[in-house]
Amino acid sequence: MKRRLVLFDIDGTLLSSQGAGGRALKGALREVFGKFGPTNDYSFAGRTDPQIVLDLMGRLGFEERFIRERMPQVFEVYLQRLGEEIRKGPPPTLFPGVLPLLEELKRDERAILGLLTGNIEGGARIKLRALNLEGYFSIGAYGSDAEERNRLPLIALKRAKEEFDDHLEGEDMVIIGDTPLDVECAQGVGACSIAVATGVVRKERLEASGADYLFDDFREYHRVMEAIFSSKG
Ligand SMILES: [Mg+2]
């Protein structure tokens, strides 16, 4: 049996934290660096948490080394605040079809379910826990593993080979996300890419990214299942 390593992005793909992630990071940066600049023209979507911190604080003129030294502290405060923001803010929401899709995949022996996300691991856990999604994913590659998203697929693959199936290759991976950056990181390792337009990126831009499959959302989850298992590999 040929298995598929199915990796989901979190924000914009599975769920919306209703801004809790952004508010928590903003608060943490303000607390640690004493300031936080305008982010109007900066897109968080598809970027890893460490990359966002480097970009935003770099724009404010802080030196890279200075930023890196404070990174652990930023994320410590961030995780604390993320929990608080989720508790007090509007509750995070799941996108349509996500739950039946995950249930279906969980039942399917051919699928190894995991995460490929720019969230640091602790942040990913908090967001998933808020919606009882933690139990679905047996493997993950996170923003805390690498700053560049393009490095995450091979990290996930290595972990999956060690833990589940040594025969897995790049083309056995299916990477599911809501931005051209998700698609790009899939293309880099010959993985199948599935884009979904539930995030902030418009469908036209996702189309242009060259995703193998594109969905408005996961409402018709049987079609998504077909895409996952009919892909190359
Ligand atoms: Mg996303």
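This is a predicted model: local features need pLDDT of at least 70, side-chain atom pairs count only at pLDDT 80 or more; totals for chains, interfaces and linings use all residues.
**Helix α7.** I started with α7, residues 180–187, and found that helix mostly covered, with six of its eight residues buried. Which residues of α7 are buried? I get Pro180, Leu181, Asp182, Val183, Cys185 and Ala186. Next I looked up what lies over them: the cover includes α6 (152–163) and α8 (203–208), along with the strands β6 (173–177) and β7 (192–196).

**Strand β4 and its partners.** Then I went to β4, residues 111–116, and checked who pairs with that strand. With β1 (residues 4–8), β4 pairs in the parallel sense, and I count five bridges there. To find the spot by eye, I used Val6, which stands opposite Leu113 in β4. β5 (residues 139–141) also runs parallel to β4, joined by three bridges. How does the chain get from β4 to β5? I followed the chain through helix α5 (residues 121–129), and this β-α-β crossover is right-handed.

**Helix α4.** Last stop was α4, residues 98–107, where Val98, Leu101, Leu102 and Leu105 are the buried residues. Looking down the axis of α4, I see these buried residues fall within an arc of 95°, so they line one face of the helix. Around on the other side of α4, Glu103 and Arg107 are exposed. What do the buried residues of α4 pack against? I noted β1 and β4 again, plus β3 (93–94) and helix α9 (221–230).

Note on methods. Residues are numbered from 1 along each chain as its sequence is written. A residue is buried if 20 or more other C-beta atoms lie within 10 Å of its own, exposed if 12 or fewer, and partly exposed in between; C-beta atoms are placed from the backbone. Helices (H or I, at least four residues) and strands (E, at least two) are DSSP runs, numbered from the N terminus. Two residues are in contact if their C-beta atoms, placed from the backbone, lie within 7 Å. Two strands pair if DSSP finds at least two bridges between them. A crossover is right-handed if, with the strands pointing away from the viewer, the path from the first strand over the helix to the second runs clockwise. The arc is that of the directions from the helix axis to the C-beta atoms.
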